[in-house]
Amino acid sequence: MLHVFKHELRLIFRDPRFWIPFIIPPAILAASQAIAVSRYGTQIMDGMGSYMMLLLGCLMAPMGAPLAGDSFAGERERNSLELLQLSPIAPAKLFWGKLLAIIPFPIVFALLAQLGYWFSHPDITALEACASMLGALSAVLLTTAFSLMVSLRVKTVRAATHMTLFFIVPLLLLVQMGHEAFLSNLFIPLVILALSVVISIAVTFAGMKKFVSL
């Protein structure tokens with residue numbers, strides 16, 4: 001499993017296209033905020049800092065989809081999935097090695113983007129910042145688990161990525177409709193995180209069984 005983990009990391013660091021999606025959401029959010037402030041003044045952002053921080057974290061969560069899509073759909077597209085399954089490494093260890101190589105990236109980038117936003121907006125309270133980061137962590141776990149399941153079922157990386165990015169729409173709707181209640185205390189974020197962990201574990205084990213049975 002450790003060998004697979006190191007191999008996947010080398011592939012990720014070798015290919016710069018995997019890094020592009022993690023740069024897009026912060027750049028778009030910063031540009032849109034700068035345009036709004038230049039047109040309507042800084043008052044338009046009053047009280048919006050915590051909402052924007054939560055939105056940024058949720059936008060970063062699905063950006064790991066290309067990594068997850070390449071993990072299995074990419075192997076199938078390159079006709080190397082069968083070779084992997086014939087290797088002396090157990091299929092379960094192959095699966096966990098790939099997963100462990102993928103999941104740190106969306107988590108780290110989402111939290112770093114949120115921390116950077118928090119430091120640049122000192123009006124955001126610690127409670128709101130913690131709730132935002134818990135929301136981002138929940139979104140990352142769910143989208144990564146979903147991405148891996150999709151990657152196991154489709155034949156190309158493009159199809160896997162496109163299907164996973166549809167997850168952005170319900171995320172944005174949830175942030176838009178429920179951000180006030182979500183950011184008002186830590187109870188709701190913690191409950192959502194617990195549910196996300198349970199769902200992600202269930203989906204991940206279903207994905208592992210699917211991979212072992214291929």
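Helices (H or I, at least four residues) and strands (E, at least two) are DSSP runs, numbered from the N terminus. This is a predicted model, in which local features need pLDDT of at least 70 and side-chain atom pairs count only at pLDDT 80 or more, while totals for chains, interfaces and linings use all residues. Residues are numbered from 1 along each chain as its sequence is written, and side-chain values use heavy atoms, with hydrogens and water left out.

**Exercise 1. Find Ser 132 and decide: is it buried or exposed?**

Step 1. Look in helix H8, residues 126–153, for Ser 132.
Step 2. Its relative accessible area is 0%, so Ser 132 is buried.
Step 3. Check the side chain: one of its polar atoms lies 2.9 Å from the backbone oxygen of Glu 128.
Step 4. List the contacts (heavy atoms within 4.5 Å). Not counting residues up to four places away in sequence, Ser 132 touches Ser 50, Met 53, Leu 54, Gln 114 and Leu 183.

**Exercise 2. Follow one of those partners, Ser 50: which helix holds it, and which residues does it contact?**

Step 1. Ser 50 sits in helix H3.
Step 2. Its relative accessibility is 8%, so Ser 50 counts as buried.
Step 3. Leaving aside neighbours within four places in sequence, Ser 50 is in contact with Ile 124, Glu 128, Ser 132 and Leu 183.

**Exercise 3. Describe how H3 packs with H7: what are the angle and the distance between their axes?**

Step 1. Axes are lines fitted to C-alpha atoms, for helices over the stretch in contact, and angles run from 0 to 180 degrees between N-to-C directions.
Step 2. H3 (residues 49–60) and H7 (residues 104–120) pack at about 160°, with axes 8 Å apart.
Step 3. That angle makes H3 roughly antiparallel to H7; angles under 35 degrees count as roughly parallel, over 145 as roughly antiparallel, 65 to 115 as roughly perpendicular and the rest as oblique.
Step 4. Name the residues: H3 contributes Gly 49, Met 52, Met 53, Leu 54, Leu 56, Gly 57 and Met 60, and H7 contributes Phe 109, Ala 110, Ala 113, Gln 114, Tyr 117 and Trp 118.

Note on methods: Buried means under 20% relative accessible area, exposed over 50%, partly exposed in between (1.4 Å probe, protein chains only). A polar contact is a pair of N or O atoms within 3.5 Å; within protein, one must be able to donate a hydrogen and the other to accept it, and residues adjacent in sequence count only if both atoms are side-chain atoms.
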